[in-house]
Amino acid sequence: MAPVLQAYHQAEPHPACYTRHLVSSMSCLRHVALRCEDIEKSRQFYERLGMDFVGYRQGNNSMDLTDGTLNMTLIQQPDGSTRPTLEEGSEYVHFGFIVEDAKESWNALKEFGAKFLCDDVKERRKICQEEPPPGSYKVEDPDGNIVDITDDSWEWPGVILQQNGRASRRGRV
């Protein structure tokens, strides 16, 4: 593994990501940590979704990724520990990415060897493993976490995106 970075670089926020200074009176989710069987393999998966490597933490058993707004820490799961495998729909938690191009992300994840679970994150239809669906989809990360992928900025009500340098609250009322 690479040496621990002493100073983390400041990644520029993705153009579509909300930045806190645009709204002064709300709490903002800025950190997620995932326990991983193989942090390097998980890193490769999330880099295909646009996350940038920031650096290893002390001891090299965890690392930070970012999209410029959210910090994702990947933590090496302790040797000998296992976590239950849960089917899509019965998982404890899942999360999603709004990507620039869902088909392009599909191709990058397919090349990686990812397992695709459902076509359309809301309808959860059976998915063809051979070609990208026309819209959103669910995929499993290397540790069995369910990840929603969409390029539709209206997918999740209330999400604030930055477009053309201006923040806008997106969602159907």
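This is a predicted model: local features need pLDDT of at least 70, side-chain atom pairs count only at pLDDT 80 or more; totals for chains, interfaces and linings use all residues.
1. Confidence is highest in helix 1, at 97, and lowest in strand 10 (residues 166-169), where the mean is 42.

2. Two stretches call for careful reading. Over residues 1-11 the pLDDT is below 50, although this stretch has 26 contacts in the model beyond near neighbours in sequence. Over residues 165-173 the pLDDT likewise stays under 50, and here the model has 25 contacts beyond four places in sequence.

3. Turning to the sheet, four strands form an open arrangement in the order 1-4-3-2, and their pairing is mixed. Strand 1 (31-36) and strand 2 (52-56) stand at the edges with a single partner strand each, so one side of each is left without a neighbour in the sheet. On average, neighbouring strands of this sheet are turned by 25° against each other, direction ignored.

4. How many bridges join strand 1 and strand 4? The two strands, the latter comprising residues 71-76, pair in the parallel sense over six bridges. As a point to check in the coordinates, Cys36 has Gln76 of strand 4 as its bridge partner.

5. Which strands does helix 1 lie across? Helix 1 (residues 39-47) lies across strand 1, strand 2, strand 3 (62-66) and strand 4, and runs at about 155° to strand 4. This helix is also where confidence in the protein is highest, at 97.

Key. Residues are numbered from 1 along each chain as its sequence is written. Side-chain values use heavy atoms; hydrogens and water are left out. Two strands pair if DSSP finds at least two bridges between them. Axes are lines fitted to C-alpha atoms, for helices over the stretch in contact, and angles run from 0 to 180 degrees between N-to-C directions. Contact means heavy atoms within 4.5 Å. pLDDT is the predictor's confidence in each residue, from 0 to 100.
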